[in-house]
Amino acid sequence: MTAPAPALSLRAMVVDDEPLARARLRALLEACQGDIRVVAEAPNAPSALALLHAQDIDVLFLDIHMPGSSGLTLAQTLRDMPRPPAVVFVTAHTDHAVAAFDVEAVDYLTKPVRLQRLQAAVWKVERFLRGERHELAEVAHQEVLVIQERQRTERVPLSQVLYFKAELKYVTVRTVSRSYILDGALNELEERYSAQFIRIHRNALVARTRIRA
């Protein structure tokens, strides 16, 4: 991977109810390239909110399942702030990705977090805070597929999909650059995206804009 340069100076907060999880994430962030400093930690959402009102935080690395208010609830609350921090969810659960992006999270990491994946998230936060919100917003407003793959969440714009192909118990999603594996049924995809895709075979849906003859 190639890092954007020059790096921004990022003030980070880690929010997790497990002290060991906070310590591990802090150590990983200290190992990341760029100027990122963990300036605050919190064990729950109310404590995090109090700290956010007391100091400037650029990015929040936020767990989802915590006693009391969840990380998703906190992220929703942050949207009402005049200058909310970027949010990166760090969780052991993969089933909240859609809800996470609904509250405009910059990234969604699953535990155990690898340094390389965390580094990519830090650079994504930098791009977001540099003013590339417009570009990210354009992608966010596109219709997207949320795909869980190898402990990470991929958001694939529907406009990039060439075809869906049924393969036994899963569906292959093909773009120009790569293939993804999606849990689901071809019939459901056909019903949902009938305006964009047409069935050309019992096991294949093809993007209407890609058909030439």
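The legends below describe several close-up views of one predicted model.

Residues are numbered from 1 along each chain as its sequence is written, and side-chain values use heavy atoms, with hydrogens and water left out. Because the model is predicted, local features need pLDDT of at least 70 and side-chain atom pairs count only at pLDDT 80 or more, while totals for chains, interfaces and linings use all residues.

**View 1. Helix α5 and its buried residues.**
Helix α5 covers residues 115-129, where helices (H or I, at least four residues) and strands (E, at least two) are DSSP runs numbered from the N terminus. With an expected span of 1.5 Å times one less than the number of residues, the 15 residues of α5 should span 21 Å, and the end C-alpha atoms are 21 Å apart, which agrees. Buried residues of α5 include R117, L118, W123 and F128, buried meaning under 20% relative accessible area, exposed over 50%, and partly exposed in between (1.4 Å probe, protein chains only).

**View 2. Strand β4 and its pairing with β3.**
In strand β4 (residues 86-91), 6 of the 6 residues are buried, so the strand is largely enclosed by the rest of the structure. In a regular strand the side chains alternate between the two faces of the sheet. Both faces of β4 are covered, with A86, V88 and V90 buried on one side and V87, F89 and T91 buried on the other. The strands β3 and β4 pair in the parallel sense over 4 bridges, two strands being paired if DSSP finds at least two bridges between them. Within this pairing, L60 stands opposite V87 in β4.

**View 3. The open sheet of 5 strands.**
The strands follow the order β10-β9-β8-β12-β11, and the pairing is antiparallel. The edge strands are β10 and β11 (197-201), each of which pairs on one side only. Neighbouring strands of this sheet are turned by 25° against each other on average, direction ignored; the axes are lines fitted to C-alpha atoms, for helices over the stretch in contact, and angles run from 0 to 180 degrees between N-to-C directions. Strand β8 (residues 161-167) is joined to strand β9 (residues 170-175) by 6 bridges, and the bridge partner of F164 in β9 is V173.

**View 4. The second largest pocket.**
The volume of this pocket is about 300 Å³, and 15 residues line it, of which V146, I147, L182, D183 and R192 lie nearest its centre. On a 1 Å grid over the protein atoms alone, a pocket is an open set of points where a 1.4 Å probe fits, with protein on both sides within 12 Å along at least five of seven lines, and lining residues have an atom within 4 Å of a point. Grid points are joined across faces, edges and corners, and the volume is the space filled by probe spheres set on the points. Strand β6 (144-149), strand β10 (179-182) and helix α7 (186-192) each supply at least two residues of the lining, and β6 gives the most, with 5 residues.

Most residues other than glycine have a negative phi, and most peptide bonds are trans.
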